[in-house]
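Biologist: I would like to learn how to read a structure like this one. Could we go through it feature by feature?

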Amino acid sequence: MSTLLAELTRRPDCADVMRALILLADHLDQHGSPIDYTRRRALFTTRACFVAPKDWQHLQRRLRSTRTPDIAHAQRWIFHTLTGSPPHLAHPDIAPATPAQRQQYKRFRWRILPAEAELLAHTARTILDEHGIDEPVQWTPTLSSADMRRLQLPGPDPGSITAAQLHRTVSAGDFSIAHVAQALSTTTAHAIYLLSQHPVDWSPPRFRHTQQTATRVGQWRIWYEQDHLSLQDIADHEGTSLATVRLALLKNDVPLRPAGSYPDRPRRR
């Protein structure tokens, strides 16, 4: 922090940044924070597992058909969110130990899918409830708009681009953060911040289709295991392909029987 402050004092465009920090400090002195971060760090810095691997894996089976994000990133996300501490201060089992791991975690934060963010935020809330902690998961202080209007701050206004604008810019499939920033006429740092605050479903169309079929897999399993319908019967009834039904059942650990096992089975209409 002292190094950062020293750098700010040397930069001619950061005088009002220093004033903003003073306003923030005064606000915290006067109003405090609804989050006891000291308590959270004491509770969670020695904890290595926040989200159950099976829950993460089940979600990933729904979201992706290729390589899934390392679950360590999910553990780091919850630690980071709950404590406000950088992930390298987490338990050694999940703390990123190399520069490459730190960069991968940063990338995970701005490429996180909405369903992943929802699971992690729900898990963080559940952990707080289990400890009897009646606090928001996260909190951001609100400074006086009149005070802020008087400041000339470098860089773009974080709130100058809406979530809707961001979502229209990020197309499905892989994307470049530089391209997103250019399309929004802003900086890459601003684009990264926006993506981490407003997760975008950038899944390719085939992954989105997989997510849609996930809502039907439970029924398909009943038809297949209890009613003994064939994969083709299910595909015909749902208006989808045989391959889609087969893949969905396999990804949900449904053992497939040999063809022709129930020659007299009823056909569902």
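Predicted model: local features only at pLDDT ≥ 70, side-chain atom pairs only at ≥ 80, totals over all residues.

Biologist: How many helices and how many strands does the chain have?

Modeller: The chain has 15 helices and zero strands. Contacts then tell you how the chain is put together. Among contacts with a separation of 6 or more, 71% join residues 24 or more positions apart.

Biologist: What share of the residues counts as buried?

Modeller: The chain has 269 residues, and 33% of them count as buried. The accessible surface is about 15,900 Å², with 53% of that belonging to carbon and sulfur atoms.

Biologist: Which residues touch the most other members of the largest nonpolar core?

Modeller: The general idea is that nonpolar side chains tend to be buried together in soluble globular proteins. Here the largest nonpolar core holds 39 residues, and those touching the most other members are Phe50, Ile78, Leu82, Leu120, Leu166, Val170 and Leu195. The elements giving two or more residues to this core are α4 (53-63), α5 (71-83), α6 (99-111), α7, α10 (177-183) and α11 (188-197). Another core lies apart from it, with twelve residues that include Val217, Trp223, Leu249 and Val254.

Biologist: Take Leu195 as an example. What does Leu195 touch, not counting residues up to four places away in sequence?

Modeller: With those neighbours left out, Leu195 touches Arg109, Trp110, Leu166, Val170, Phe175, Ile177 and Val200. Two of these partners, Leu166 and Val170, are also on the list of core members with the most contacts.

Biologist: Now the charges. How many salt bridges does a search of the whole structure find?

Modeller: The search finds nine salt bridges. For each pair, check the distance, then the sequence separation, then the accessibility of both partners. Glu135 and Arg39 form one, with their closest N and O atoms 2.6 Å apart. This pair links distant parts of the chain: Glu135 is in the loop between α7 (114-130) and α8 (145-149), while Arg39 is in helix α3 (residues 37-44), 96 residues apart.

Biologist: Why does Glu135 count as buried, and why does Arg39 count as partly exposed?

Modeller: Glu135 is buried because its relative accessible area is 7%, and buried means under 20%. Arg39 is at 35%, so it counts as partly exposed. Arg39, Arg40 and Glu135 are also linked in a network of salt bridges.

Biologist: Which other pairs can I compare with that one?

Modeller: Lys54 forms a salt bridge with Asp55, the closest N and O atoms being 3.2 Å apart. Lys54 is exposed at 59% relative accessibility, and Asp55 is partly exposed at 35%. Arg150 pairs with Asp147 at 2.5 Å between the closest N and O atoms. Arg150 is exposed at 60%, whereas Asp147 is partly exposed at 25%.

Biologist: Asp16 in helix α2 (residues 15-31) interests me. Is Asp16 buried or exposed?

Modeller: Asp16 counts as buried, at 11% relative accessibility. A polar atom of the Asp16 side chain lies 2.5 Å from the backbone nitrogen of Gln152. Beyond its sequence neighbours up to four places away, Asp16 touches Arg150, Leu151, Gln152 and Leu153.

Biologist: Which residues form a nonpolar patch on the surface?

Modeller: Met1, Leu4, Leu5 and Leu21 form one, with about 380 Å² of accessible area together. Met1 sits in the segment before α1 (2-10) and counts as exposed at 70% relative accessibility.

Key: Residues numbered from 1 in each chain as written. Heavy atoms only, no water. Patch = residues over 30% accessible without salt bridge, like charges linked within 9 Å, V, L, I, M, F, W, Y side chains within 5 Å. Areas by Shrake-Rupley, 256 points an atom, 1.4 Å probe, with all protein chains shown as cover. Salt bridge = Lys/Arg side-chain N within 4 Å of Asp/Glu carboxyl O. Helix = DSSP H or I, 4+ residues; strand = E, 2+ residues; numbered from the N terminus. Buried < 20%, exposed > 50% of the residue type's maximum accessible area, 1.4 Å probe, protein only. Contact = heavy atoms within 4.5 Å. Polar contact = N/O pair within 3.5 Å; in protein donor to acceptor, adjacent residues only side chain to side chain. Core = buried A, V, L, I, M, F, W, Y, C linked by side-chain atoms within 4.5 Å.
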